Amino acid sequence: MHSDSRRQVLLSGVAAWIGAACSHLPEARAADVPRYELGVASGDPRPDSVVLWTRLTGVDLPPAVTVQWELASDEAFRQIVVRGSENAEAAWAHSVHAEPAGLEPARWYWYRFRALGQQSPVGRTRTAPAADAEARLKTAIASCQRYDHGEWAAWQHMATQDLDLVMFLGDYIYEYGSPPDALRAHMGGHLRTLEQYRQRYAQYKREPALQAAHAAFPWLVIADDHEVENDYGADRSPTLSGPEMLALRSAAFQAWWEHQPLPKALRPQGPDLRMHRRLDWGRLARIHALDDRQYRDPHACVAPRRVGGAATLMNADCAALADPKRSLLGLAQERWLAEGWDPQRRWNLLAQQTLMARYTTHPEGRSWTDGWDGYAASRQRLLGQVAERRLPGVVVLGGDVHANFVADLKLDFDDSKAAVVASEFCGTSISSHGRSQASVDAALPLNPHLHLGRSDQRGYIAFDIDDRQCLATLMTVERPRDAASPVRETARFIVDPARPGPQRG
Ligand code: FE
Ligand code: CA
């Protein structure tokens, strides 16, 4: 028997004794426990840097652990490009967010970590192209991976694809306890504390399919409501408000940052976390990542006896829906976006949380107040900027609604002759259940700007973007309750950068 495995066997056999008597041997004790159970990840790629992430796991971790990392230009780690170390602290769940600098643009790298005598699995990542370089972007959008609603064949499939970047647009975890008949149950109940949020992330991240997708590509990650609580906005949720809600947000944001490949600069300060940011992809595209939760005005026409939260309302019964002052992004973020549009690049991609296109479910106007329909003036300002500045290559990417929607975005959704100013691809969920397809079929004729609406599909949307076109391919899981399900292409759309509006491809 190899001496290392003999030592491991020995330690596991006498773990109780060691725990009591051998506190002077932290290294030996630690070797017994898997330390990288949550895998590795990378994110926020820049031309010269990328964030490398892991989190140490297991019992008996010291308050601070030095974690070595190395980044190589080959999978076998023969050519180490840069190495360094980070201090993984208990106060931040022993998470590591390393930021190697001085890298070359537009190339693949491999990375791994070492701590407590153990080496992590290897991850692969890629830097963004140089700001002035010609580029092509192969990416995918994903959202809404409710664990107790379905298996994650979508991740297993995505991990095998040829992508430069994955954009995760929200609902990475769900805060609920699971019903007794769930396909696979959440550990613990409704999330309220930092420890509970951490445990939920750990449960999700233990899944090999999700780890494979993280290890294969860099991600750009934003959060939506369920990383905190369903339908929250700013400092209100359906059940909490004020300091109680901000305390919940602090715990939730901390756990989100601890478990995602986010830069140190995004580490939350109490309940505040600057999520909106830009990522440029050569001369080809500017990606604007938005935050539609933290700075929004309160939901319109909140039900009596609730402090916040959303509803479906006839527009005529809720005057606030037409209030020109209300904002989904907050005025400061609206200004940041207005000032950041890039007319030099072919594409401006908005990586944001939810469906932007108008979606009425009644001929006289009925709106779900949680999404852009609840903040129509905010949408109008945004699309007005796009029209005014004549930016033809604006593509809005979203999630949240657990359905694939492909849409023309217009300044007036009621005018069939109104010009199309931007294109939208709202991707369906990885696993979260959708509303009935019958309800979507009934709404489609009321919303003729929607080219496609499929709430009965789970999966993701893949994009191949270059100077000539943006090709979107809807990838759909055949059997959402089967982890080994095939994933198939179910539709293709093409956007011409000079002519807004998706066309069937
Ligand atoms: Fe969701
Ligand atoms: Ca959501």
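Reader: Buried means under 20% relative accessible area, and exposed means over 50%. Is Asp231 buried or exposed?

Author: This is a predicted model. In it, Asp231 has a relative accessibility of 7%, and it therefore counts as buried.

Reader: Where does Asp231 lie?

Author: Asp231 belongs to the loop between β11 and α7.

Reader: Which residues does Asp231 touch?

Author: Leaving aside residues up to four places away in sequence, Asp231 touches Asp225, Arg236, Pro238, Arg293, His299, Gly309, Ala310, Trp368 and Asp370.

Reader: How many Å separate the C-alpha atoms of Asp231 and Pro448?

Author: The separation is 27 Å, and the two residues are 217 residues apart along the chain.

Reader: Which distant parts of the chain does the pair Asp225 and Asp400 link?

Author: Asp225 sits in the loop between β11 (218–221) and α7 (242–258), while Asp400 sits in the loop between β17 (394–398) and β18 (404–410). The two are 175 residues apart, and both are buried.

Reader: What does Asp171 bridge?

Author: Asp171 bridges the calcium ion (ligand 2) and the iron ion (ligand 1), and these two ions lie 3.9 Å apart.

Reader: Now Gly170, please. Where is it found, and is it buried or exposed?

Author: Gly170 is in the loop between β10 (165–168) and α5 (194–205). Its relative accessibility is 2%, so Gly170 counts as buried.

Reader: What does Gly170 touch?

Author: Not counting residues up to four places away in sequence, Gly170 touches Ser143, Cys144, Ile222, Ala223, Asp224 and Glu227.

Reader: Let us change topic to helices. At what angle do α5 and α7 pack?

Author: α5 and α7 pack at about 35 degrees, and their axes are 9 Å apart. Their crossing is right-handed.

Reader: Which residues make that contact?

Author: From α5 come Leu194, Tyr197, Arg198 and Tyr201, and from α7 come Leu248, Ala251, Ala252, Gln254, Ala255, Trp256 and Glu258. By class, the contact of α5 with α7 has eight nonpolar, one polar and two charged residues.

Reader: And α8 with α9: why are they called roughly parallel?

Author: Helix α8 (residues 331–340) and helix α9 (residues 376–388) pack at an angle of about 15 degrees. Angles under 35 degrees count as roughly parallel, and α8 and α9 are therefore roughly parallel to each other. Their axes are 10 Å apart.

Reader: Which residues of α8 and α9 make the contact?

Author: Leu331, Glu334, Leu337 and Ala338 of α8 meet Ser378, Arg381, Leu382 and Gln385 of α9. The residues of this contact divide into four nonpolar, two polar and two charged.

Notes: Residues are numbered from 1 along each chain as its sequence is written. Chains are lettered from A and ligands numbered from 1 in the order in which they are written. This is a predicted model: local features need pLDDT of at least 70, side-chain atom pairs count only at pLDDT 80 or more; totals for chains, interfaces and linings use all residues. Side-chain values use heavy atoms; hydrogens and water are left out. Donors are N, O and S atoms within 2.8 Å of the metal (3.2 Å for Na, K and Ca); water is not among the atoms, so sites may look incomplete. Helices (H or I, at least four residues) and strands (E, at least two) are DSSP runs, numbered from the N terminus. Buried means under 20% relative accessible area, exposed over 50%, partly exposed in between (1.4 Å probe, protein chains only). Axes are lines fitted to C-alpha atoms, for helices over the stretch in contact, and angles run from 0 to 180 degrees between N-to-C directions. Angles under 35 degrees count as roughly parallel, over 145 as roughly antiparallel, 65 to 115 as roughly perpendicular and the rest as oblique. Contact means heavy atoms within 4.5 Å. Ala, Val, Leu, Ile, Met, Phe, Trp, Tyr, Cys and Pro count as nonpolar, Asp, Glu, Lys and Arg as charged, and the others, Gly among them, as polar. A crossing is left-handed if the near helix is turned anticlockwise from the far one by less than a right angle, and right-handed if clockwise.
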